[in-house]
Amino acid sequence: DPSDHKSILRLALNEAEKSEPKPTNFRVGALLLNESNGEVLATGYTLELPGNTHAEQCCLLKLSESYSIPEERVGEILPENTVIYTTMEPCGKRLSGNLPCVERILRTQKEGKGGIRKVYHGVSEPETFVGENVGRTKLEESGITCIHISGLEDDILKVATAGHEREAGE
Ligand SMILES: Nc1nc(=O)c(N)c(NC[C@H](O)[C@H](O)[C@H](O)COP(=O)(O)O)[nH]1
Ligand SMILES: [Zn+2]
């Protein structure tokens, strides 16, 4: 029920708060959940793993490392009803040019079965870096349900932009 979604999203926000503030990205937290039994499969936050990593990317990378397989094959070990909760919607484009998380999520699906089935997110991506995020459309076109969980927007954005220049009086 909705209160469960919000409490799970708050767990992801707790992860985001561990991220090192930077002016060139957002501090995001994410977690992979087996929706059949509520088991948290992995958590992640921006820059948790070496390299310019994203929260969603860290979830997938940590899980693949625990199975000693490359991240691009992580879909093979995901339970049937795997979903991802992320404080900010997955990126569809990255200023660094690194592979966007939408692509990383899409490739967990082989022939449209298994893999990540739903993306629960707390906010859309602000247009700071790449303008409007087109990622959500790509996900929905591939049959991945994107669900906005409301109620934590202010907290999520405050955490996400902690490393950014503050306008006077903000
Ligand atoms: N969903 C999401 N999770 C993250 O962990 C993260 N950092 C972003 N941020 C989106 C933003 O668009 C990119 O951070 C910038 O476009 C810079 O790109 P890089 O991060 O340097 O690849 N978005
Ligand atoms: Zn991303």
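**Ligand 1 and the zinc site**

Ligand 1 sits in the largest pocket. This is a predicted model, in which local features need pLDDT of at least 70, side-chain atom pairs count only at pLDDT 80 or more, and totals for chains, interfaces and linings use all residues. Residues are numbered from 1 along each chain as its sequence is written, and side-chain values use heavy atoms, with hydrogens and water left out.

Reader: What makes Asn 52 a polar contact of ligand 1?

Author: A polar contact is a pair of N or O atoms within 3.5 Å. A polar side-chain atom of Asn 52 lies 2.6 Å from an oxygen atom of ligand 1, and for Arg 94 the corresponding value is 2.7 Å, again to an oxygen atom of the ligand. The protein covers 98% of the 500 Å² of accessible area (Shrake-Rupley method, 1.4 Å probe) that ligand 1 has on its own.

Reader: Which residues are called donors of the zinc ion (ligand 2), and why?

Author: Donors are N, O and S atoms within 2.8 Å of the metal (3.2 Å for Na, K and Ca). His 54 (ND1), Cys 91 (SG) and Cys 101 (SG) lie 2.1 to 2.3 Å from the zinc ion, so these protein atoms qualify. Water is not among the atoms, so sites may look incomplete.

Conventions: Chains lettered and ligands numbered in written order. Polar contact = N/O pair within 3.5 Å; in protein donor to acceptor, adjacent residues only side chain to side chain. 1 Å grid on protein atoms, 1.4 Å probe; cavity = no way out; pocket = protein on both sides within 12 Å on 5 of 7 lines; lining within 4 Å. Sits in = over half its atoms within 2 Å of the grid points.
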